[in-house]
Amino acid sequence: MHKLVVLYPHPTDPVAFKSYYESTHLPLAAQLPGMLDWRYSLDVRAEPGSPYFAVFEADFADAEALAAAMSSPQGKAVQDDVPNYATGGAVVIDYPVVAR
């Protein structure tokens with residue numbers, strides 16, 4: 001299993017972020033080929049002063065499946081859409097999941 005995580009710093013307009021993210025960006029992301037499951041939250045709680053507002057997580061079979069998804073036309077559309085709502089930018093990380 002390989003996980004993709006996108007951390008979103010606080011946007012300029014949280015209401016506009018939420019509206020666009022849920023109505024436009026998430027439906028694009030849901031089309032990523034090979035994605036096994038996904039989840040998100042717009043209610044990130046962390047230490048006081050945390051730089052993060054929202055998080056998205058997606059599961060892929062392996063790193064190759066993630067790479068294929070992100071290089072697909074759907075993956076390119078998802079990446080190109082980020083500046084349309086994420087005024088605070090986005091931090092993208094991925095990693096293999098190690099089971100106990």
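The lining of the largest pocket draws at least two residues from each of β1, α1 and α3 (73-81). Helices and strands here are DSSP runs, numbered from the N terminus (helices: H or I, at least four residues; strands: E, at least two). This is a predicted model, in which local features need pLDDT of at least 70 and side-chain atom pairs count only at pLDDT 80 or more, while totals for chains, interfaces and linings use all residues. Residues are numbered from 1 along each chain as its sequence is written, and side-chain values use heavy atoms, with hydrogens and water left out.

The largest pocket holds about 190 Å³ of space. A pocket is an open set of points on a 1 Å grid over the protein atoms alone, where a 1.4 Å probe fits, with protein on both sides within 12 Å along at least five of seven lines; lining residues have an atom within 4 Å of a point. Its volume is the space filled by probe spheres set on the points. Of the 14 lining residues, V6, H25, M70, V78 and V82 lie nearest the centre of the pocket. The lining has 12 nonpolar residues, 2 polar and no charged (Ala, Val, Leu, Ile, Met, Phe, Trp, Tyr, Cys and Pro count as nonpolar, Asp, Glu, Lys and Arg as charged, and the others, Gly among them, as polar).

Next comes the sheet. Its 4 strands are ordered β2-β3-β1-β4, with antiparallel pairing, and the sheet is open. Two strands pair if DSSP finds at least two bridges between them. At the edges, β2 (35-41) and β4 (91-96) each pair on one side only. Strand β1 (residues 2-9) is joined to β3 (residues 52-60) by 8 bridges; in β3, D59 is the bridge partner of K3.

Helix α1 (residues 14-29) lies across β1, β2 and β3, at about 10° to β3. Axes are lines fitted to C-alpha atoms, for helices over the stretch in contact, and angles run from 0 to 180 degrees between N-to-C directions. The axes of α1 and α3 cross at roughly 155° and come within 8 Å. The two helices are therefore roughly antiparallel (over 145 degrees). In their contact (heavy atoms within 4.5 Å), Y20, T24, H25, L28 and A29 of α1 meet A77, V78 and D81 of α3.

Helix α2 (residues 63-71) packs against α3 at about 70°, with axes 4 Å apart. That angle makes α2 roughly perpendicular to α3 (65 to 115 degrees). Here A69, M70 and S71 of α2 meet P73, G75, K76 and Q79 of α3. By class, the α2 contact with α3 has 3 nonpolar, 3 polar and 1 charged residues.

Notes:
Angles under 35 degrees count as roughly parallel, over 145 as roughly antiparallel, 65 to 115 as roughly perpendicular and the rest as oblique.
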